[in-house]
Amino acid sequence: MNQLPFLPFTKPNIDEATIAAVGDVLRSGWITTGPKCQQLESALSELFGGRPVRCFANGTATMEVALRVAGIGPGDEVITTPISWVSTANVILTVGAKPVFVDIDLSTRNLNLELVKAAITPATKAIMPVYLSGLPVDIDQLYEIADHYQLRVIEDAAQALGSHWQGNLIGSSHQHRSDLVSFSFQANKNMTSIEGGCLVMNHADEANLAQRLRLQGVTRTGLDGMEVDVLGGKHNMTDVNAVIGIHQLAQLSEFMVKRKALVKHYFQLFEQSKLIEYGVILPIADMHHSNWHMFQVLLPIEQLKTRHQNRSTVMQALKDQGIGTGAHYPIITDFKLYKNLGYQSTNTPVAQQVGQAILTLPLFPLMTNQDVERVVHSLENVFAQFH
Ligand SMILES: *Cc1c(COP(=O)(O)O)cnc(C)c1O
């Protein structure tokens, strides 16, 4: 029926030079963690103003190591958001600590920092903010709270590589405070190594510990010296993944320029459309801080309900028109694992609402303005149909 090819909500952008470089690594005789991983770490460290960086097998492992580097474990509470990829909360449980979910702000869809203050107890050890779709929280306010209560910050910046706070790159600490910052290079992120992640740290001691935690706690000396002084995991990044990351990192700014141009087109078209009238809510039109990892709208769920529709029927109707979408994310506290631990989504009503209403529209550098037009027109058709 539909002549146009299916438009997914995201798609990686891997060029031929990257594919050739993977072949070179495979032929080199050194395919696991080695020179390419070190090269990627150096390039990232340079990007972040010389701060120490270590790479890991994925963003989840990166966050787990970050928590361990910060010394967080049983008896400790970590404040975080219930609107994230579930791994944010899972890693807190993995290290034996307790996730404390604080409600989000309706417009930023990130942690409400005023509510964070109210959730701090003597057991609180860290705040773990998530920069949903690449929009950071108010970094000044975040660190003001952290410093005042002497808390660690583990920034889940999985989606925020290339994002800024007031002109300063997230992960660097040139003009603003920055503690531990975790990024992901999973296939859908703005830059990918297929799977992978990196942690930006404060000093060499932390980097050393992170490196041991990455590989069974092992330190090697000389030709045959080996020591294990801490329980580490198997979280190292292979050189095959690293070389993809090196090539992607070189294209990151170019990717971001394309994302921003597409986002501007989205805003123009939405403003001319009837979608706002139908009750669709746009993200904050931030062109300074966000790297635009995703373009996410909120659907008018209550209005849709009166017409026996919901997010799923909207997604299906869009899919029928060849448009892929996503739901990032359902509220974590509604998952059985978390319900069984006693969490209740009613304690975070804004997150509950956003978890049901949020819809990710297609956005990736290979898209064209025509694709954006297709998405907005299809969404208009769906709402006209549902009206
Ligand atoms: C992708 C992502 C992660 C996890 O990264 P992986 O590399 O998939 O393990 C964590 N938090 C957020 C917000 C993410 O988007």
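**Reasoning from definitions**

Tutor: In this predicted model, the buried residues of helix H13 (residues 369-386) pack against helix H8 (239-272), helix H9 (301-306), helix H10 (311-320) and strand S13 (358-361).

Student: Which residues of H13 are buried?

Tutor: They are Asp371, Val372, Arg374, Val375, Val376, Ser378, Leu379, Val382, Phe383 and Phe386, and the word is used for a relative accessible area under 20%.

Student: How do you know that the length of helix H13 agrees with its number of residues?

Tutor: The expected span is 1.5 Å times one less than the number of residues, and for the 18 residues of H13 this comes to 26 Å; the end C-alpha atoms are 26 Å apart, so the two values agree.

Student: What makes Arg212 count as buried?

Tutor: Its relative accessible area is 18%, and the cut-off is under 20%, so Arg212 is called buried. This residue has its place in helix H7 (residues 204-214), and, leaving aside neighbours within four places in sequence, Arg212 is in contact with Gly217, Val218, Thr219, Asp229, Val230 and Gly232.

Student: Why is the pair formed by the side chains of Arg212 and Asp229 called a polar contact?

Tutor: The two side chains come to 3.0 Å, and a polar contact requires N or O atoms within 3.5 Å, one able to donate a hydrogen and the other to accept it, so the name applies to this pair.

Student: What makes S2 and strand S3 (residues 98-101) a pair of strands?

Tutor: At least two bridges are needed, and S2 and S3 have 4 bridges in the parallel sense, so they pair. In S3, the bridge partner of Ile79 is Val100. S2 also pairs with strand S4 (residues 124-128), again in the parallel sense over 4 bridges, and there the bridge partner of Ile79 is Ile127.

Student: How do you know that both faces of strand S2 (residues 77-80) are covered?

Tutor: In a regular strand the side chains alternate between the two faces of the sheet. Here Glu77 and Ile79 lie on one side and Val78 and Thr80 on the other, and all are buried.

Student: Which residues come nearest to the ligand?

Tutor: Of the 17 residues around the ligand, they are Gly59, Thr60, Asp156, Ser184 and Lys189. A polar side-chain atom of Asp156 lies 2.8 Å from a nitrogen atom of the ligand, one of Ser184 lies 2.7 Å from an oxygen atom of the ligand, and an N or O atom in the side chain of Lys189 is 3.1 Å from an oxygen atom of the ligand.

Methods:
Residues are numbered from 1 along each chain as its sequence is written. This is a predicted model: local features need pLDDT of at least 70, side-chain atom pairs count only at pLDDT 80 or more; totals for chains, interfaces and linings use all residues. Side-chain values use heavy atoms; hydrogens and water are left out. Buried means under 20% relative accessible area, exposed over 50%, partly exposed in between (1.4 Å probe, protein chains only). Helices (H or I, at least four residues) and strands (E, at least two) are DSSP runs, numbered from the N terminus. Contact means heavy atoms within 4.5 Å. A residue is near a molecule or strand if one of its heavy atoms lies within 4 Å of it.
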